[in-house]
Amino acid sequence: MAAVKDIVTLVLDKDHKTTVTVHLHGATVLAWKAQGKEIIFLSEGAVYDNKKAIRGGIPLVFPNFGPWELGPQHGFARISRWKLEKKPEKDDSGAMTAVFTLTDNKDTRKMWDHKFKLTYTLHLTEKTFKTTLKVDNTGKETFTFTTLLHTYFRTDDVTKATVSGLQGLEYVDKVRRDGKFTEDRELVTVAGEVDRAYAGTPNNHVITGVTGGGKVLMEKANLPDTVVWNPWVDKAKAMGDFRDDEYSSMLCVEAGHVATPLSLGTGQSFTGSQTLTLMDE
């Protein structure tokens with residue numbers, strides 16, 4: 001279990017039916033509960049040693065998506081200790097907000113010698129949960145990066161889950177040796193290992209089959225790509241921080257900027273966000 005000192009919780013209502021739980025390691029969202037429903041998947045095998053990336057939730061990928069010759073896969077943001085910049089509080093609209101930050105330090109500069117500031121803002125209402133990542137170049141040199149919100153959705157049965165908005169789009173299929181293919185299905189489903197990066201996706205996706213038969217609308221801003229991932233049987237067994245049968249209980253639908261790297265000059269910034277809305281059944 002995670003230590004209490006590492007946890008930050010946003011509580012919208014006195015009945016605790018709408019909450020978000022965040023771990024300071026990676027500013028990793030561990031849970032989003034909307035009107036009593038747990039929407040986000042977190043592995044029972046997740047490790048909380050403040051070193052390893054937490055398996056599940058919404059890990060933050062920066063400054064590199066995928067294998068990285070300079071450091072760990074998916075970069076260092078998800079394995080760094082973040083600062084709680086602004087404690088959870090209600091804004092004028094009644095929403096709960098909190099802000100986390102990460103700035104370059106000796107450990108990040110050993111891998112990636114650039115000065116930066118990441119600002120991660122969470123915004124929680126009765127049915128919506130918005131996560132916004134801002135990247136600032138605080139140094140004197142231009143840098144390039146890729147980034148992604150690695151959201152794990154909780155499912156009752158992943159084979160009954162669907163993802164909309166991907167038909168006709170080209171994707172890179174890591175299961176098939178990084179081959180490029182075109183998606184022909186109106187609704188993407190899972191019946192085996194899936195690891196696909198779709199480029200130039202629409203701003204909206206509907207994910208069905210979320211726990212309890214729910215539907216979630218994902219609205220993206222400035223994150224033009226979408227990754228769909230499920231490890232299936234063999235990969236699940238190979239992961240030490242993931243239970244063998246949990247592949248059937250999760251589906252990752254990940255909003256990112258990964259197909260082409262972003263470039264930021266001195267003093268420039270980038271902001272991307274996703275808004276998740278629990279839809280009426």
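1. Phe 145 stands opposite Leu 262 in strand β20. Helices (H or I, at least four residues) and strands (E, at least two) are DSSP runs, numbered from the N terminus.

2. On the basis of the note: this is a predicted model, in which local features need pLDDT of at least 70 and side-chain atom pairs count only at pLDDT 80 or more, while totals for chains, interfaces and linings use all residues. Residues are numbered from 1 along each chain as its sequence is written, and side-chain values use heavy atoms, with hydrogens and water left out.

3. β10 (residues 143–149) also pairs with another strand. Strand β5 (residues 60–61) and β10 are antiparallel over two bridges, with Val 61 opposite Leu 148. Six of the seven residues of β10 are buried, so the strand is largely enclosed by the rest of the structure. Buried means under 20% relative accessible area, exposed over 50%, and partly exposed in between (1.4 Å probe, protein chains only).

4. An open sheet of nine antiparallel strands runs in the order β6-β7-β8-β9-β21-β18-β17-β12-β15. β6 (83–90) and β15 (187–188) are at its edges with a single partner strand each, so one side of each has no neighbour in the sheet. Within the sheet, β12 (residues 162–164) and β17 (residues 204–210) are joined by two bridges, and Thr 162 has Thr 208 as its bridge partner.

5. The largest nonpolar core has 60 residues, and Trp 82, Phe 100 and Tyr 120 have the most contacts inside it. Such a core is a set of buried Ala, Val, Leu, Ile, Met, Phe, Trp, Tyr and Cys residues joined through side-chain atoms within 4.5 Å. A second, separate core of nine residues includes Phe 41, Trp 229, Phe 242 and Met 250.

6. There are 19 aromatic pairs. Rings of Phe, Tyr and Trp (its six-membered ring) pair if their centres lie within 6.5 Å; planes under 30 degrees apart are stacked, over 60 edge-to-face and the rest tilted. Phe 62 and Trp 112 are edge-to-face, 5.6 Å centre to centre with 85 degrees between the planes. Phe 62 lies in the loop between β5 and β6 and Trp 112 in the loop between α1 (106–111) and β8 (116–124), so the pair ties together parts 50 residues apart in sequence. Both residues are buried.

Notes: Pairing = 2+ DSSP bridges.
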